[in-house]
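This briefing covers aromatic pairs, a nonpolar core and salt bridges. Please look over the structure before reading the points below.

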Amino acid sequence: RGVVDERATRSVIGLSREQQTAARRVQSTRTDIVSKSFVLDSSNTALEAGFAQKYTEISQNGGPNVVAFVNSRSGGGLGLLLLNKLRELLPHTNVSDLSLEAEPEATLVHFSTMSNVRILVCGGDGTVTWILNAIDACKMGCNPAIAIAPTGTGNDLARSLGWGNSFKLSEIPVYLSWLTSSNCGTPSVLDQWRGSFSFA
């Protein structure tokens with residue numbers, strides 16, 4: 001028999017229908033650029049330029065605190081590239097390396113008393129669950145909205161919320177731009193259950 005002992009509710013950002021359409025349009029344009037000239041993501045390069053300064057201004061003026069979680073040892077080298085790219089665009093304290101023993105708890109505790117926190121989880125379903133459990137354990141004062149960059153083996157949750165089932169490093173500026181915008185997506189409230197089971 002199974003006994004459910006706890007439930008937590010979290011807000012995970014899903015893309016609106018218009019944003020999903022825009023994302024598909026960007027993907028279509030990107031494919032066309034690669035096939036004809038081998039130039040990757042020229043539109044994203046424009047987004048990336050000056051983003052670090054823009055984010056500093058946004059956060060200083062009461063905008064969202066964006067916190068990213070990524071495992072530098074995952075993805076056959078993609079994790080480390082992703083960590084370095086995020087640290088180019090966000091303050092180092094806002095980017096957690098999940099390969100370190102103290103993480104993700106240390107970063108979550110640091111931001112636990114701040115308001116308007118938005119979290120980017122880079123990983124699959126297992127990593128998302130790990131971060132959700134850690135958020136509950138550290139008793140954050142706010143209920144942060146969570147976005148997913150689908151870099152894992154299983155990306156079912158990201159796919160069901162409109163983030164897709166694959167990820168390119170060059171898409172980081174798009175994700176961060178969405179997360180810092182006033183309308184970054186439609187929150188989907190999810191129930192997360194913890195259960196203990198015993199078998200007779």
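Helices (H or I, at least four residues) and strands (E, at least two) are DSSP runs, numbered from the N terminus. The model is predicted: local features need pLDDT of at least 70, side-chain atom pairs count only at pLDDT 80 or more, and totals for chains, interfaces and linings use all residues. Residues are numbered from 1 along each chain as its sequence is written, and side-chain values use heavy atoms, with hydrogens and water left out.

**Salt bridges**

- A salt bridge is a side-chain nitrogen of Lys or Arg within 4 Å of a carboxyl oxygen of Asp or Glu; by this rule there are two.
- Asp156 bridges to Arg159, with the closest N and O atoms 2.3 Å apart.
- Asp156 and Arg159 are three residues apart in helix α7, so about one helical turn separates them.
- Asp156 is partly exposed at 46% relative accessible area, and Arg159 is partly exposed at 41% (buried means under 20%, exposed over 50%, partly exposed in between, with a 1.4 Å probe and protein chains only).
- Glu88 bridges to Lys85, the closest N and O atoms being 3.1 Å apart.
- Glu88 and Lys85 are three residues apart in helix α4, about one helical turn, and Lys85 is buried at 17%.

**Aromatic pairs**

- The whole structure holds five aromatic pairs, meaning rings of Phe, Tyr and Trp (its six-membered ring) with centres within 6.5 Å; planes under 30 degrees apart count as stacked, over 60 as edge-to-face and the rest as tilted.
- Trp163 and Trp178 pair edge-to-face, 5.8 Å centre to centre with 65 degrees between the planes.
- Trp163 lies in the loop between α7 (156-160) and α8 (172-180) and Trp178 in helix α8, so this pair ties together parts 15 residues apart in sequence.
- Trp163 is buried at 6%, and Trp178 is buried at 18%.
- Tyr175 and Trp178 also pair edge-to-face, at 6.1 Å and 65 degrees.
- Both Tyr175 and Trp178 lie in helix α8, three residues apart, and both are buried.
- Trp163, Phe167, Tyr175 and Trp178 make up one aromatic cluster.

**Nonpolar core**

- A nonpolar core is a set of buried Ala, Val, Leu, Ile, Met, Phe, Trp, Tyr and Cys residues joined through side-chain atoms within 4.5 Å.
- The largest core has 43 residues, of which Leu86, Leu90, Ile119, Leu120 and Leu176 touch the most other members.
- Elements giving two or more residues to this core include α3 (51-60), β2 (65-70), α4 (78-89) and α8.
- Leaving aside neighbours within four places in sequence, Leu86 is in contact (heavy atoms within 4.5 Å) with residues including Ala68, Leu120 and Leu176.
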